[in-house]
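Please keep the structure in view while reading.

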Amino acid sequence: MPKSATSPQAAVSTEPLAYRMRPRTLAEFVGQEDIVGEGTPLRAEIEKDLLRSIILAGPPGTGKTTLSRIIAERTEATFVQLNAVTSGVKELKAVCEEALRMKTTFHTRTVLFIDEIHRFNTSQQDALLPYVESGTVILIGATTQNPYFDVNQALVSRSRVSLLKPLSADNVLLILQRAVSDSRGYGGRVTIAEAALKHLAQISNGDARIALNALELTVLTAGKKVSLEQARRLFAERSMRYDKTGEDHFNTISAFIKTMRGSDPDAALVWLFKMLKSGEDPRFLFRRMAIFASEDVGNADPRALQLVVSAWQAFELVGLPEGEFFLAHACVYLCQAPKSNAVTRAMGGARSAISSASGLEVPNHLRNAPVKGMAEQGYHEGYQYPHDHPGGVVTANYFPVGMTPQNLYEPTDRGFEVEVRERLERVRVKIRPVG
């Protein structure tokens, strides 16, 4: 007699391994110990069914949806799930109104799980806000983006934000070992070398779903006995978690810039090639390095900007893959260059001076007087032409009317700015002599 489609054996053979192995309890949940480990506030709230609104943010495969399902199993509240991509304002309001009815009539709580909550537009998030604020619904929002950027700040401020991290290789290895031995997985029916499991754990990049999918494909391809060599043939390279428009994009470019600022060319090259391998536009990287050359190197090495622009031009002539040489060349040069943010600080000082001044009127001696009538009004009067004086510098006030002259650009004692500082000190004494 053939097995029914609903029998356990049929379910095991047809449902994806990652779906079958999804943890059902907190005891089975692997990783995120600092968020749901023993003794944490969130775990206590889940176990006591006293959950408040939370936003679970983190990369794919770190347990956001799984944790929500565990909450759904433990809570005595009504559990409703919506997807931000497919649910509109009308459906959202209907769920919330039903939650209000259940609360007022039966004193029953409603837990509302919204997957990809960052995809809710402003009107959807605004529609949800009053129900969260009043406690009509207990929100569980899941997002792969930074909630502080991509979720309504009013919702964020009324929720506990938990940032889930990529799983460690040991966490993923444990998940794979369970899949091999557990009856929901292979139940010991396959033999996989421990080294092969470790390899799959390493290439998953902290994503349990990727690891389980890789395991399933390995078994389907190699059979019931899998060696390290077979696993390596199928999955030679590590999975790269990188979204050119998502949070990891911003985190990685931040790491790249901060590493260059820290003068470590070795680590900077790692971040550079992570982005290149993940499909980042090389021109974006050149733009960031051009900004860095002025913002963080400045006049400590004026050649830095020239070199980045030249490398960029060379890249446009050659393209990829050889164009990687020019990216690496510029990156290494910026890392080893002396650093100065004196120009950046001077810009901030100039903006501050402007914001606190009134009028910013140009004094007469700095005004242009192309026609006789303007000269008769005092335009250009008193201006001293520096080239007519020894050293090409004269005593003068070049600031707007009423603004006190001040030193905004203060060169550092690093690189070429040492020479710039000495020269500027000599010039400033002549422009604005003391007393």
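## The largest cavity

The largest cavity holds about 50 Å³ of space. The model is a predicted one, and the count of cavities of 30 Å³ or more comes to one.

The lining of the largest cavity consists of Glu45, Ile46, Asp49, Leu51, Ile71, Arg74, Thr75, Arg109, Val111 and Ile138. By class, five of these lining residues are nonpolar, one is polar and four are charged. Two helices, α4 (41–47) and α5 (64–74), each contribute at least two residues to this lining.

## The largest pocket

The largest pocket has a volume of about 650 Å³. It is lined by 34 residues, and those closest to its centre are Arg22, Gly61, Gly63, Thr66 and Arg209. Two or more lining residues come from each of α2 (17–20), α5, β4 (138–143), α10 (169–181) and α12 (208–222).

Which element gives the largest share of the lining of the largest pocket? That element is α12, with four residues. The lining of the largest pocket is made up of 13 nonpolar, 10 polar and 11 charged residues.

## A nonpolar patch on the surface

On the surface, Val362, Leu366, Tyr383, Tyr385 and Tyr398 form a nonpolar patch. Together these residues have about 440 Å² of accessible area.

Key: Residues are numbered from 1 along each chain as its sequence is written. This is a predicted model: local features need pLDDT of at least 70, side-chain atom pairs count only at pLDDT 80 or more; totals for chains, interfaces and linings use all residues. Side-chain values use heavy atoms; hydrogens and water are left out. On a 1 Å grid over the protein atoms alone, a cavity is a set of points where a 1.4 Å probe fits but cannot get out, and a pocket is an open set with protein on both sides within 12 Å along at least five of seven lines; lining residues have an atom within 4 Å of a point. Grid points are joined across faces, edges and corners, and a volume is the space filled by probe spheres set on the points. Ala, Val, Leu, Ile, Met, Phe, Trp, Tyr, Cys and Pro count as nonpolar, Asp, Glu, Lys and Arg as charged, and the others, Gly among them, as polar. Patches are made of residues with over 30% relative accessible area and no salt bridge: like charges are joined within 9 Å, nonpolar side chains (Val, Leu, Ile, Met, Phe, Trp, Tyr) within 5 Å. Accessible areas come from the Shrake-Rupley method with a 1.4 Å probe; for residues, only the protein chains shown count as cover. A salt bridge is a side-chain nitrogen of Lys or Arg within 4 Å of a carboxyl oxygen of Asp or Glu.
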